[in-house]
Amino acid sequence: MTRTEAGTGTGRKVSEARERLLRTAGQLFYAEGIHTVGVDRLVAESKVTNATFYRHFRSKEDLAVAYIGSVDQAIRTQIGSLIAADMPTDGILRGIGASLVEQIRSPGYRGCAFLNAAAEFPDPDHPVHRAVVQHRQWFLQTITGLFADITAAQAEHAGRHFVMLRDGAMSAGYLGDPVLAGETLLRGIEGLLRIHTARGLDERAASTPDQKPAVGTKVSDIECSPPSA
């Protein structure tokens with residue numbers, strides 16, 4: 001039988017205490033930084049005991065890894081929902097972009113949780129840093145796979161380009177104007193989709209010998225300025 005905080009029962013209190021610790025850590029770590037927030041404050045604001053804290057997490061860094069994992073899982077669930085909605089692949093990529101814009105423009109936004117954590121833990125062998133890298137590898141692979149669904153031609157390049165657009169927008173949204181950062185991100189995604197879709201048309205045309213090359217499929221570079229009135 002799983003112990004409760006008091007030592008007997010169904011285990012519900014233990015689960016609630018862990019979730020409370022993780023939720024409190026997520027709010028404080030994101031708003032103030034992982035190094036800034038101590039265990040005493042986490043315990044006090046979570047309304048648990050020190051014994052309860054160390055029953056669930058061996059150290060604050062262990063809690064930090066769990067925090068990164070919870071953010072990672074939330075993003076996986078969100079993207080999974082878009083994929084399960086049976087919408088076109090370009091719609092999924094646009095949906096991911098729209099979600100990023102919503103986050104950038106939300107109150108209390110202070111940049112990317114993963115980039116912030118990596119800056120605090122620069123050692124590539126540190127568990128927090130490794131958790132950040134694992135998330136980014138998954139995200140890149142997921143985005144690359146979506147572009148490959150449109151066409152395999154240079155899908156890796158498109159995936160890396162998308163991730164760099166995301167990184168830049170999330171930083172610019174915190175350090176500068178979040179509205180402009182969001183608009184630039186969406187324009188960049190549209191341009192990237194336009195180029196990648198045209199690349200797929202060219203590939204299909206080249207694979208059909210009797211078909212004349214498509215006219216007008218060449219796409220200019222991504223336009224990141226507002227459209228003319």
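Where is the place of Phe-139? Phe-139 sits in helix H7. The model that holds this residue is predicted. Its chain folds into nine helices and zero strands. Of its 229 residues, 41% count as buried.

**Overall layout**

- Read from the N terminus, the elements run α-α-α-α-α-α-α-α-α.
- Take the contacts between residues at least 6 apart in sequence: 66% of them join residues at least 24 apart.

**The nonpolar core**

- The largest nonpolar core has 55 residues.
- Phe-29, Ile-96, Phe-147 and Phe-162 have the most contacts inside this core.
- Helices H1 (12–32), H2 (39–46), H4 (60–84) and H5 (89–104) are among the elements that give two or more residues to the core.
- Also on that list are H6 (113–120), H7 (127–150), H8 (155–175) and H9 (178–206).
- Phe-29 touches Ile-34, Val-37, Leu-42, Lys-60, Leu-63, Ala-64, Tyr-67 and Arg-110, leaving out residues up to four places away in sequence.

- Phe-139 has a relative accessibility of 5%. Buried means under 20%, so Phe-139 counts as buried.
- Beyond residues up to four places away in sequence, Phe-139 touches Ile-79, Ile-96, Phe-162, Val-163 and Arg-166.
- Phe-139 and Val-163 are 24 residues apart in sequence, and their C-alpha atoms are 8.1 Å apart in space.
- Val-128 also lies in helix H7. Its relative accessibility is 0%, so Val-128 counts as buried.
- Val-128 is in contact with Glu-61, Ala-64, Val-65, Ile-68, Ala-117 and Phe-121, with neighbours within four places in sequence set aside.
- Val-128 and Ala-66 are 62 residues apart in sequence, yet 8.9 Å apart from C-alpha to C-alpha.

**How H7 packs on H8**

- Two packed helices are described by the angle between their axes and the distance between the axes.
- The axes of H7 and H8 come within 8 Å and cross at roughly 125 degrees. The two helices are therefore oblique to each other.
- The crossing of H7 and H8 is right-handed.
- From H7, the contact uses Arg-136, Phe-139, Leu-140, Ile-143, Thr-144, Phe-147 and Ala-148.
- From H8, the contact uses Ala-155, Glu-156, Ala-158, Gly-159, Arg-160, Phe-162, Val-163, Arg-166 and Asp-167.
- By class, the contact of H7 with H8 has nine nonpolar, two polar and five charged residues.

**How H5 packs on H8**

- H5 and H8 pack at about 15 degrees, with their axes 10 Å apart. Angles under 35 degrees count as roughly parallel, so H5 and H8 are roughly parallel to each other.
- Their crossing is right-handed.
- H5 brings Leu-93, Ile-96, Leu-100, Gln-103 and Ile-104 to the contact. H8 brings Phe-162, Arg-166, Ala-169, Met-170 and Gly-173.
- Seven residues in the contact of H5 with H8 are nonpolar, two are polar and one is charged.

**How H4 packs on H5**

- The angle between H4 and H5 is about 145 degrees, and their axes are 10 Å apart.
- H4 passes H5 in a right-handed crossing.
- Gln-78, Ile-79, Leu-82 and Ile-83 of H4 meet Ile-92, Gly-95, Ile-96 and Ser-99 of H5.
- The contact of H4 with H5 divides into five nonpolar, three polar and no charged residues.

- Most residues other than glycine have a negative phi.
- Asp-86 is not a glycine, but its phi is positive, at about 60 degrees.
- Asp-86 lies in the loop between H4 and H5. Its relative accessible area is 70%, so Asp-86 is exposed.
- Gln-154 is a residue other than glycine, and its phi is also a positive value, near 55 degrees.
- Gln-154 is placed in the loop between H7 and H8. With a relative accessible area of 48%, Gln-154 is partly exposed.

Key: Residues are numbered from 1 along each chain as its sequence is written. This is a predicted model: local features need pLDDT of at least 70, side-chain atom pairs count only at pLDDT 80 or more; totals for chains, interfaces and linings use all residues. Side-chain values use heavy atoms; hydrogens and water are left out. A nonpolar core is a set of buried Ala, Val, Leu, Ile, Met, Phe, Trp, Tyr and Cys residues joined through side-chain atoms within 4.5 Å. Buried means under 20% relative accessible area, exposed over 50%, partly exposed in between (1.4 Å probe, protein chains only). Helices (H or I, at least four residues) and strands (E, at least two) are DSSP runs, numbered from the N terminus. Contact means heavy atoms within 4.5 Å. Axes are lines fitted to C-alpha atoms, for helices over the stretch in contact, and angles run from 0 to 180 degrees between N-to-C directions. Angles under 35 degrees count as roughly parallel, over 145 as roughly antiparallel, 65 to 115 as roughly perpendicular and the rest as oblique. A crossing is left-handed if the near helix is turned anticlockwise from the far one by less than a right angle, and right-handed if clockwise. Ala, Val, Leu, Ile, Met, Phe, Trp, Tyr, Cys and Pro count as nonpolar, Asp, Glu, Lys and Arg as charged, and the others, Gly among them, as polar.
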